[in-house]
Amino acid sequence: MKEIKTIKFFFIFILFFLFSPLIIAENKIKPLDVKKIADGVYVHYGKHENFYEKEDNIGDIANLGFIIGDDSIAVIDTGGSHQVGESLKLAIKKVSKKPIKYVINTHGHQDHIFGNSAFLSEGVTIYGHYSLKKFLQERGSQYVRQITQAGDKVKGTSIIFPHKVIAETSPDQVKKLSNEMTIDLGNRKLLLTSYPTAHTYSDATVFDLKTKTLFVGDLVQSERLPTMDGLVKNWIKVLNEIEKVNFKIMVP
């Protein structure tokens, strides 16, 4: 009997030895700072740095957000690494215990989509522009190379394609009928819109109809020089369209 207890203790010790680095690593992930900007609407402001620029930069350079309805939560962009996504998820869970049901990517740049993987465990549906999958496929090798070069600080980061497109389609999903669609978080509808080529060819916006808060991704930028992955002439046209939206708050 004593021998069995010794074996059990040794086995537990080995398990602790194997898994303790994971526990320590997990404890290093802290909730992102978020600010409430309207009723049920929260934003995390990213750092004014380039992607993976410094040793402690894990891709936290974009403005991220989440919106809480009566039944569920939608996340707008997830950050530049799996770790940023996990930190955003912790921040959301501090604010609300409601299920995180949707992730919406405003476009395909790394600082907006690399945190998607952190939300898969929540069973989310990921929405993106109808050209987002193509955008990510064309840049996949470049993005994977960046992850590899960044090393262990962004371990677990990967490209996750959208599950659904931001568009109204025919029942067979072959024909696009409209660039807009709505999702309902419970007494809270969000209008999602895909745009023609502008900042990129995968730009989308999220408009909370309840508070008139408009998330525009990188279509509008403040104090940043934009990366150009689209067409300037078209971008100006899209900005003119955005100006016509009856919003109270804009998140660039």
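The following legends describe close-up views of one predicted protein model.

In this predicted model, local features need pLDDT of at least 70 and side-chain atom pairs count only at pLDDT 80 or more, while totals for chains, interfaces and linings use all residues. Residues are numbered from 1 along each chain as its sequence is written, and side-chain values use heavy atoms, with hydrogens and water left out.

**View 1. The chain as a whole.** The secondary structure comes to 5 helices and 14 strands. Helices (H or I, at least four residues) and strands (E, at least two) are DSSP runs, numbered from the N terminus. Of the 252 residues of the chain, 47% count as buried; buried means under 20% relative accessible area, exposed means over 50%, and partly exposed lies in between, with a 1.4 Å probe and protein chains only. A contact means heavy atoms within 4.5 Å. Among the contacts in the chain with a separation of 6 or more, 65% are between residues 24 or more positions apart.

**View 2. The open sheet of seven strands.** An open sheet is formed by 7 strands in the order β1-β2-β3-β4-β5-β6-β7, and its pairing is mixed. The edges are held by β1 (35–38) and β7 (164–165), each of which has a single partner strand, so one side of each is left without a neighbour in the sheet. Two strands pair if DSSP finds at least two bridges between them. Strand β1 runs antiparallel to β2 (residues 41–44), and 3 bridges join them; Ala38 stands opposite Val41 in β2. By contrast, β4 and β5 run parallel and are joined by 4 bridges, with Tyr102 in β5 as the bridge partner of Ala74.

**View 3. Helix α2 on the sheet.** Helix α2 (residues 82–95) lies across β2, β3 (64–68), β4 (73–76) and β5 (100–104), and runs at about 30° to β3. For such angles, axes are lines fitted to C-alpha atoms, for helices over the stretch in contact, and the angles run from 0 to 180 degrees between N-to-C directions. Strand β5 is mostly covered, as 4 of its 5 residues are buried.

**View 4. Leu132 and its surroundings.** Leu132 has its place in helix α4. This residue counts as buried because its relative accessibility is 0%. Residues up to four places away in sequence set aside, Leu132 touches Asn105, His107, Gly108, Pro162 and Ser202. Leu132 and Val165 are 33 residues apart along the chain, and their C-alpha atoms are separated by 8.1 Å.

**View 5. Strand β12 and its partners.** Strand β12 (residues 204–208) is mostly covered, with 5 of its 5 residues buried. Strands β11 and β12 pair in the antiparallel sense over 5 bridges, and Ala204 in β12 is the bridge partner of Ser194. Strand β13 (residues 213–215) also runs antiparallel to β12 and is joined to it by 3 bridges, with Asp208 opposite Thr213 in β13. The two strands β12 and β13 form a hairpin with 4 residues between them, and Lys212 in the turn has a positive phi of about 60°.

**View 6. Two residues of strand β11.** Thr193 is found in strand β11 (residues 189–194). Its relative accessibility is 9%, so Thr193 counts as buried. Beyond its neighbours within four places in sequence, Thr193 is in contact with Ile166, Asn179, Glu180, Asp203, Ala204 and Thr205. Leu191 is also found in strand β11. Leu191 and Met181 are 10 residues apart in sequence and 5.9 Å apart in space, C-alpha to C-alpha.

**View 7. The second largest pocket.** About 710 Å³ of space lies in this pocket. On a 1 Å grid over the protein atoms alone, a pocket is an open set of points where a 1.4 Å probe fits, with protein on both sides within 12 Å along at least five of seven lines, and lining residues have an atom within 4 Å of a point. The second largest pocket is lined by 34 residues, of which Ile61, Asp111, Asp218, Gln221 and Arg224 lie nearest its centre. The elements that give two or more residues to this lining are α3 (110–113) and α4 (132–150), and α4 gives the most, with 6 residues. The lining divides into 11 nonpolar, 15 polar and 8 charged residues; Ala, Val, Leu, Ile, Met, Phe, Trp, Tyr, Cys and Pro count as nonpolar, Asp, Glu, Lys and Arg as charged, and the others, Gly among them, as polar. The volume is the space filled by probe spheres set on the grid points, which are joined across faces, edges and corners.
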